[in-house]
Amino acid sequence: MAELHIPAEVVKIARRLEDAGFETWCVGGAVRDNLLGVENHDFDLTTAAPPAEVQKLFKRTVPVGIEHGTVAVLDANNQPHEVTTFRKDIHTDGRHAVVEFGVSLMDDLARRDFTINSIAYHPIRHEWRDPFQGEQDLAKKLIRSVGDPNWRFQEDYLRILRALRFSARFEFRIHPRTLEAAKANAQGLAQLSAERVHDEWFKGIKTAKKVSKLVTLWRDVGAARIWLPEIGAGSGELGAVDRLPRDPVLVTAYLAKDPASLLTRLKCSNKDIERGRAIGLWREKYPDAKDPVAIRQWLAATGEHADDLLALLPAPSSPLPKAVAAIRAKHPPLELKDLAVKGDDLIAAGVRPGPDVGQALARLLEEVLEDPARNTKEYLLSRV
């Protein structure tokens, strides 16, 4: 295998650990990506040094996952580099593992999920360790579990979703035994926290070569049934999903029959759930591109969600985006705050304070949406 170019700051950290007598290797995604010719400078290190020793050896560290043996070492540019003690799982419940430190590199590689992620590279001696033929699997474009796939998935069910993400990202096929085990253990996905599933699904949408491939994998393995039941079993929409912007909320809402409930299950932010709710409400109610009044009313009603809805237009050749842009260019009044009168003006003109003011303003906005030229103080007060 070729010599890898390792960033100088990473080599410096490895050298200090080695000089202190602790064997240290580069592992994980950056090693895999560099072998694939994909740019990735974020090299993680694995070492024989216990976390406390790593913290002693370096002035500036962050205990990012110290219970799992991971300490981030900050380099001269404040870049964090993760350094994790060799470990093996001694007990796992499918969500969390209890790990033992002080084991060998071989033990550490044997506990990893897939062969393509179990390749180690020595940044100083330029040696490789690839006990599970990960490089061969990269060449064969294959996702294969390290050891028995049933055990691997039962140790942490999230690995099933990681297999699907890597398959869609690299356009690799999943080894038949690994795929079979993923399907057999899919029920275990129900044990995962919504946050972990959310991260994996969103990451998958951002990195997949084709989102349609990711969706198909989630459906085929049974993950969609458990976590994304709103996306159903249809495939009519799958071709179109690949044309959407890589915005995970937009893609999820597009696929779901009830976007707000799916985004709520995935513990998304309130803002994202609101985006989903607006998409669910408006995606079948587009205005006629030839009717400026209808477009202004639609823009007023959909507010900040209009752009999401334009991105989801069923016909990519629709004239609506152009018509909307032409109307927006004129900056028409679309909200109550754009009106030439305020509540105080209406009260001064004799409207009773309270709900009547809000109702009057809403009625005036309707008139202004029909004809923006009406947005003058004189005209609006004459209508009260």
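Start by selecting G354. At 43% relative accessibility, G354 is partly exposed. The model on screen is a predicted one. G354 sits in the loop between α19 (343–348) and α20. G354 and G343 are 11 residues apart in sequence, and their C-alpha atoms are 9.6 Å apart in space.

**Stop two: helix α16**

Select residues 292–302, which make up helix α16. Which residues of this helix are buried? Colour A294, I295, R296, W298, L299 and T302: these are buried in α16. An α-helix has 3.6 residues a turn, so residues three or four places apart point the same way. Keep that in mind while you look down the helix.

What covers the buried residues of α16? Show α15 (270–282), α17 (306–311), α18 (320–329) and α20 (355–370), which are included in the cover.

Next, go to the start of α16 and show D291 and V293. A side-chain oxygen of D291 comes to within 3.1 Å of the backbone nitrogen of V293. Then go to the residue that follows α16, G303. The phi of G303 is positive, near 55°.

**Stop three: a loop with L244**

Select L244. This residue lies in the loop between α12 (238–241) and α13 (248–255). Is L244 buried or exposed? L244 has a relative accessible area of 11%, and it counts as buried because that value is under the 20% cut-off.

Now show what L244 touches. Leaving out residues up to four places away in sequence, L244 is in contact with V251, Y254, A311 and L312. Pick A311 from that list. L244 and A311 are 67 residues apart along the chain, yet their C-alpha atoms are separated by 7.0 Å.

**Stop four: two helices side by side**

Select helix α7 (residues 158–170) and helix α9 (residues 194–207). They pack with their axes 9 Å apart, at an angle of about 5°. α7 and α9 are therefore roughly parallel to each other.

Which residues meet here? From α7, show L158, L161, R162, R165 and R169. From α9, show R196, V197, E200, K203, G204 and T207. Colour this contact by residue type. The residues divide into 3 nonpolar, 2 polar and 6 charged.

**Stop five: the loop between β4 and β5**

Move to the loop between β4 (70–74) and β5 (80–85), and select D75 there. D75 is buried, with a relative accessible area of 6%. What does D75 touch? Show E9, R60 and H81: D75 touches these, not counting residues up to four places away in sequence. D75 and K12 are 63 residues apart in sequence, and 9.0 Å apart in space from C-alpha to C-alpha.

Stay in the loop between β4 and β5 and select N78. N78 is partly exposed, with a relative accessible area of 47%. Check its backbone. Most residues other than glycine have a negative phi. N78 is not a glycine, but its phi is positive, about 70°.

Select H331, in the loop between α18 and α19. H331 is not a glycine either, and its phi is positive, near 50°. Is H331 buried or exposed? H331 is exposed, with a relative accessible area of 68%.

Select D107, in helix α4 (residues 105–110). D107 is partly exposed, with a relative accessible area of 29%. Show R87 and K88, which D107 contacts when its neighbours within four places in sequence are left aside.

D107 and N375 are 268 residues apart in sequence. From C-alpha to C-alpha, D107 and N375 are 74 Å apart in space.

**Last stop: cysteines**

How many disulfides does the structure hold? The structure holds 0 disulfides. A disulfide is a covalent bond between the sulfur atoms of two cysteines. C26 is buried, with a relative accessible area of 0%. Then select C268. C268 is buried too, at 8% relative accessibility.

How values were computed
Residues are numbered from 1 along each chain as its sequence is written. This is a predicted model: local features need pLDDT of at least 70, side-chain atom pairs count only at pLDDT 80 or more; totals for chains, interfaces and linings use all residues. Side-chain values use heavy atoms; hydrogens and water are left out. A disulfide is a pair of cysteine sulfur atoms within 2.5 Å. Buried means under 20% relative accessible area, exposed over 50%, partly exposed in between (1.4 Å probe, protein chains only). Axes are lines fitted to C-alpha atoms, for helices over the stretch in contact, and angles run from 0 to 180 degrees between N-to-C directions. Helices (H or I, at least four residues) and strands (E, at least two) are DSSP runs, numbered from the N terminus. Angles under 35 degrees count as roughly parallel, over 145 as roughly antiparallel, 65 to 115 as roughly perpendicular and the rest as oblique. Contact means heavy atoms within 4.5 Å. Ala, Val, Leu, Ile, Met, Phe, Trp, Tyr, Cys and Pro count as nonpolar, Asp, Glu, Lys and Arg as charged, and the others, Gly among them, as polar. A polar contact is a pair of N or O atoms within 3.5 Å; within protein, one must be able to donate a hydrogen and the other to accept it, and residues adjacent in sequence count only if both atoms are side-chain atoms.
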